[in-house]
Amino acid sequence: MSPKPHEYLAGVIRDGLCTRCGACVGLGAGHVTVPDREGDHLPRIGASLPEDLARRIVAGCSGREVPIPELEAAAFSGSPGADGYVGAPAPTPAPATDAAARDPYLGRVELLALAYSLDPDLRARGASGGILTTVLLWLLERGEIQGAVVTGMDPARPWRPRTYIATSPREIIEAAQSKYVITAVNEALPEMERFEGALAYVGLPCQVHSLRKLQRAGDPAVRQVRYVLGPYCGNTLHFSSIRSLLASHGLRDYRQIESLRFREGEWPGNLRLGLRSGATITLPKFHANYLIPFHIVRRCLLCTDLANELADIAGGDAWAPAYEERGKGFSIVLGRSARGVRCLRALEAAGRLRLLPLTTAEAIRMHSHGYDLKKRGAFIRMQFRRWRGQSVPDYGYQLGGFPLARYALEAVISALFALLGTRPARRALECVPPTWMGRLFVRLRTLWKRGTRRIKLHELHP
Ligand SMILES: Cc1cc2nc3c(=O)[nH]c(=O)nc-3n(C[C@H](O)[C@H](O)[C@H](O)COP(=O)(O)OP(=O)(O)OC[C@H]3O[C@@H](n4cnc5c(N)ncnc54)[C@H](O)[C@@H]3O)c2cc1C
């Protein structure tokens, strides 16, 4: 017998499966709250939550059940070249596609390219090539959407991300760049439901999972969404990461933060904190990776979606030494639906976006370490949890048959994540200069990339 909706939701939270996508808060009409946004950011399901709302939330919860193949078929109407969902613009004949196939790492691919915005200002402001911002601006300009669900920083609490519906180019541009701390984008669902006009939506993979589940369920909150855009996502961090960085500089009060940017300056950019005192703390992007094992949201370790597999358009960093050395900003971009491809090709034809050829093998190599984490590591970690009698998310597909050595390595990595996430480890970290830790993590990343360079497709199949 399936659990009652309240029990289901309580179970997701109790079992550590909550992704913090925000759907329960958004749909909970005040009965679901987040008591500690600068802490664990976990929702609290009020006993007063009416049964019908609880059911609606379960239908859109990305914590436990995310049947990727089913959701993908529904989102893209099953066959490459077609678009799904009632309310979407009428499908036009599919344009010539570049790949029209499903790749076990990349997901469904109709267009795959190395890309960057041809507007130097947007390219510089974006996290990588400024692709997502360029697409949103184009859609707004052409009247295909009237609003874009984006995540900027909260002017009132500048240390906190804030999701809102942007209706002007300025508001879209202000939301550019990645936010690497928890963003509960789907808390904006009521605003989306009230919005009059077509929307584009930008969300992390777990947030998009929730959105696609709600679309499948025909929920009115997502009826206006015409385009789904999404960054790649390796993981997200607790706000404690920022507190920790402050503490490493002898500062305790995060309310002294006046501005927080995660990818400031030339690509790959810097984590930069501006303080009320006028001081700034800056750490190169790759150095800031040292915060990951100490402050990662542990649910991210059970996520198998790096490349935002259910987004019409997905974008990541083009991590390859040749591009990293050049700076400026390079993205990898994937069009997964006919409407996504149409949009990217139109931007290319209008001279707004550069799309350069990229093979599947190159695209996988750029993120070999990320795929190792998500397409091997996550499945092994889920197996470890099953062996311990703990519940795991169900993504509707299973990968396995990895070499024994990979299981052994994962046991070590998992033990390290468990150890480094403890309070004493975090405290100890704050005694070490971030630049030392940063340099160490740059080396570790290089080794990991080198070690997974030959990541092979056949190892993904039992
Ligand atoms: C938490 C996180 C983890 C990531 N991990 C990886 C990774 O492992 N490998 C990789 O290649 N790329 C990763 N990315 C993606 C990368 O940082 C860029 O977002 C991506 O390359 C798109 O760049 P862009 O210049 O086209 O985007 P931009 O033009 O800068 O636009 C970014 C858009 O994303 C939205 N956005 C930013 N942060 C969030 C957020 N936290 N939640 C919801 N929406 C958000 C903004 O509203 C904006 O519209 C990650 C991004 C995030 C936010």
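**Entry 1**

I looked up Arg443 and found it exposed, at a relative accessible area of 59%. I take exposed as over 50% relative accessible area, buried as under 20%, and partly exposed as in between, with a 1.4 Å probe and protein chains only. Arg443 sits in helix 19, residues 434–451. Helices here are DSSP runs of H or I with at least four residues, strands are runs of E with at least two, and both are numbered from the N terminus. Together with Arg365, Arg450, Arg453 and Arg454, Arg443 forms a patch of positive charge on the surface. Patch residues have over 30% relative accessible area and no salt bridge; like charges are joined within 9 Å, and nonpolar side chains (Val, Leu, Ile, Met, Phe, Trp, Tyr) within 5 Å. Lys and Arg count as positive, Asp and Glu as negative, while His and the chain ends are not counted. For Arg, the place of the charge is taken as CZ.

**Entry 1: what I am reading**

The model is predicted: local features need pLDDT of at least 70, side-chain atom pairs count only at pLDDT 80 or more, and totals for chains, interfaces and linings use all residues. Residues are numbered from 1 along each chain as its sequence is written, and side-chain values use heavy atoms, with hydrogens and water left out.

**Entry 2: a nonpolar patch**

I noted a nonpolar surface patch of about 280 Å², made by Val412, Leu416 and Leu419. The areas come from the Shrake-Rupley method with a 1.4 Å probe, and for residues only the protein chains shown count as cover. Leu419 belongs to helix 17, residues 404–420, and is exposed at 53% relative accessible area.

**Entry 3: salt bridges**

I counted a salt bridge where a side-chain nitrogen of Lys or Arg lies within 4 Å of a carboxyl oxygen of Asp or Glu. By this rule there are 27 salt bridges. Asp317 and Arg263 form one of them, at 2.6 Å from N to O. Asp317 is in strand 13 (residues 313–317) and Arg263 in strand 10, so this pair ties together parts 54 residues apart in sequence. Both Asp317 and Arg263 are buried.

Glu264 pairs with Arg261, with the closest N and O atoms 3.0 Å apart. Glu264 is partly exposed at 22%, and Arg261 is partly exposed at 27%. I also found Asp15 bridged to Arg14 at 3.2 Å; Arg14 is exposed at 64%. A network of salt bridges links Asp372, Arg376, Arg381, Arg406 and Glu410.

Most residues other than glycine have a negative phi, and most peptide bonds are trans. Pro268 lies in the loop between strand 10 (257–264) and strand 11 (270–275).

Gln177 has a positive phi, near 85°. The residue is in the loop between helix 7 (169–174) and helix 8 (189–194) and is buried at 10%. Lys328 has a positive phi near 65°. Lys328 is in the loop between helix 13 (321–326) and strand 14 (331–335) and is exposed at 52%.

**Entry 4: two buried residues**

Thr151 is in strand 6, residues 147–153, and is buried at 13%. Phe379, in helix 16 (residues 368–387), is buried at 3%.
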